[in-house]
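Work through these exercises with the structure open. Try each task before reading its solution.

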Amino acid sequence: MVVENIIEGAKKVLSLTKESLKDVENKPVGYKDTNYNLPTIRGLLGKEIKNLDELKEFINSLEVKEEATLENALDAGVLTLMCAEALETLKYATEEEPYKEPYVGFIPDKIIRDLGVPLVEGKIPAIFVVIGKVGDSEKLKKLIDDIKKRNILTLFIGDIVKELDEAGIEYGLDKLLVPVGEGITSAAHAANLAIRVPLIYGGIEPGKTEDIIDYIKNKVPAIVIALGEIDDITLSAGAGCIKAGVPVITNNPVPEIKGALESSDIDNIVENALKMKNIEVRTVTEMDETEIPVSVGPMNEGERVRGPDMHVEVAGPKSFGFELVTVVDEASDEVKIIGKDIKDMEEGSRSPFAVIIRVSGDNLEEDLEGVLERRIHEFFNYIEGVMHLNQRDSVWIRVNKNAAKKGLSLQHIGKIVQSLYKAEFPFIKNIDVILITDEEEVKKELENAKQIYDRRDARARDLNEEDVDVFYGCIMCQSFAPTHICVITPNKPALCGGINYFDARAAAKIDPEGPIFEIPKGELIDETKGIYSTINEVVKEKSQGSIEEIALHSIMEKPSTSCGCFEAITFYIPEVDGFGIVHRDFKGETPMGVPFSALAGQCSGGKQVEGFCGMCIEYMRSSKFFQADGGWKRVVWMPSELKERVKESIPEELLDKIATEENVSDTNELQEFLRSKAHPIVESWTEMAEPEMEEAVEEAGFEGDFESSAGSDFVVPTMELPAGFGGLPSNFKIILKNAVIKAEKIIITKEDGKSKK
């Protein structure tokens, strides 16, 4: 009966969708904050629908095949997902607020990119889509505990969200528990999230249906968990997920298809769901609950402690403190508290705070100190009720009232940190954790810590590519972007911003067989561009031959590949012959009229695209920052927030000459701004005389008219390519500088059987 139910569900939702679209006024459609318009339809079919009339025409063209075969049922399921997307986008087109709290509805591209690093690192091992309801508060609590302790990103659809409220279970993106919507059509937002992953990270073009499905099946760790009573439409949506490469597991009896559709009792459904995708979850070391009064694990990362919930704040902007890891000859495995413990601190108070960690073990080197130190942030945030922000002498920590009430102490925190370090880094033999709240002691130790920070920074700043014999490669993101490889040098950190040269060196030593590895420099081919023979050999091998050469410090010629985790994009603006930079958190449009998400779509997925390059923000502070293309002298635009963030690295004479969204909104305004500020890029603007351009066009074998316009723009209204490209060689390139290309829309219709333009 299941096949018939799926087909019947598809028929119902198709009929509902046609009826809903029947008399609606034509309006633009497409979700905001995505480069893929209506991602399910665009991704699976390659069809871009821009308004409700086009959507109506598309939906009216759909039919459900009624013959009760499994293939027809799965196809009907995909049709159901497309109809769900149509109904959802209708909400967004016609309703001012289609989703109200606690529901989130459509999930923007930025969130998917933010999740990239924790997904490839395995910190988020899976994505669950939980549909329906549990019907038992104790079973619900166990289900959520099983999900949380594995740090699984979970999207909730249906009555289960109300059950979470009734059970007093907190949720939100910071807890990786996301209520998407109440109705089954909101499952479209879970489906289009999965479909966007291969588009964003895999570089797969919309419309390559089989490639997208294969990618989702093999690389996207998504599983649907369907609970409780399931109607025909929900069954049909589940069939669409299966067809799209996302398996379904349910606590209902179903005809099982191994790895695609399975049953499980609810007590074991999380474990069995992970098995369907062969997902192994890395868990933190088990803590003795009799010793530690709160939970410990990655499920607590992202927890925020707001002012009203705060029991105590240590260090932070209204006090002072630091954290420091040093390698010593022989640590003694002690936890030492100097000053007041949490229970002795007045509720709502603030205190200075220092974290000093000393580690010893075989093959431990001073280079590892910074790498180990950065894990303090992660390990503190593993502790329930503890919020840790920043690092070094900008550290800021809060403990909430609930954790204090449960009896959490600094002694507990010290033991947790000890345990986590040893579990994560088996080469650490002994570790001392010293936590200080005594003001005078913190002041004294802070001066020593600052001297150590200064020595590290000086070493990092003074180290350049010329000073080392090896670089490092990182292929961590190949689980999502198979042709991408990051090359990490002293002058260029990984584009995700999470791994610098010293981090990479330490990681390669810790795990020689891991995803971060040495690359001998080899022969220097071009110093300015940053082209090395051995890098090219490794890039070609690791990208399966798709990338043959990269220039580390160029955007315009053989730039580095980009996965999807980059913090920012540098992009070429032809109207001014300069570069814009936009970071992931910028929500507006660039002067080219497109947002970050659209630009990111140009260079994600391990692609090498001249004129576009993903990068980390730290690279903007590098002395070799895109030096082959002029570096900062070619930068003409960036968001004001990003400009403020890196202003100390911008040459002083250029600081006021780089435009932001506060100064300009399009390329015409950008040109005027740059002229008014005498930006050095203006000096490079040259106008080729019209006869010279016509001669160049004629020599190239093109026919047509040419005319130049005022300023630096040229218009070629009727350029036609002759057969065989006029005998030009296959590697011939046409490069239009300072050019604006305008295309007229041509509509083809038929009258009396003849084509008409």
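**Exercise 1: a charged patch**

Task: find which residues gather with Glu-54 in a patch of negative charge on the surface.

Solution. This is a predicted model. The patch is formed by Glu-48, Asp-53, Glu-54 and Glu-57. Then check its exposure. Glu-54 has a relative accessible area of 31%. Patch residues need over 30%, so Glu-54 qualifies on area.

**Exercise 2: a cis peptide bond**

Task: state the omega of the peptide bond from Glu-101 to Pro-102, and locate Pro-102.

Solution. Omega is near 10 degrees, and the bond is cis. Pro-102 sits in the loop between α4 (70-94) and α5 (109-114).

**Exercise 3: positive phi**

Solution. Start with the backbone. Neither residue is a glycine, yet phi is near 65 degrees at Asn-390 and about 40 degrees at Phe-626. Now the loops. Asn-390 falls between β12 (386-389) and β13 (396-400). Phe-626 falls between β22 (612-615) and β23 (635-637). Last, the areas.

**Exercise 4: the whole chain**

Solution. Count elements: 22 helices and 27 strands. Buried residues make up 53%. The chain exposes about 35,100 Å², with 46% of it from carbon and sulfur atoms.

Methods: Residues are numbered from 1 along each chain as its sequence is written. This is a predicted model: local features need pLDDT of at least 70, side-chain atom pairs count only at pLDDT 80 or more; totals for chains, interfaces and linings use all residues. Side-chain values use heavy atoms; hydrogens and water are left out. Patches are made of residues with over 30% relative accessible area and no salt bridge: like charges are joined within 9 Å, nonpolar side chains (Val, Leu, Ile, Met, Phe, Trp, Tyr) within 5 Å. Accessible areas come from the Shrake-Rupley method with a 1.4 Å probe; for residues, only the protein chains shown count as cover. A salt bridge is a side-chain nitrogen of Lys or Arg within 4 Å of a carboxyl oxygen of Asp or Glu. Lys and Arg count as positive and Asp and Glu as negative; His and the chain ends are not counted. The place of a charge is taken as NZ of Lys, CZ of Arg, CG of Asp or CD of Glu. Buried means under 20% relative accessible area, exposed over 50%, partly exposed in between (1.4 Å probe, protein chains only). Helices (H or I, at least four residues) and strands (E, at least two) are DSSP runs, numbered from the N terminus.
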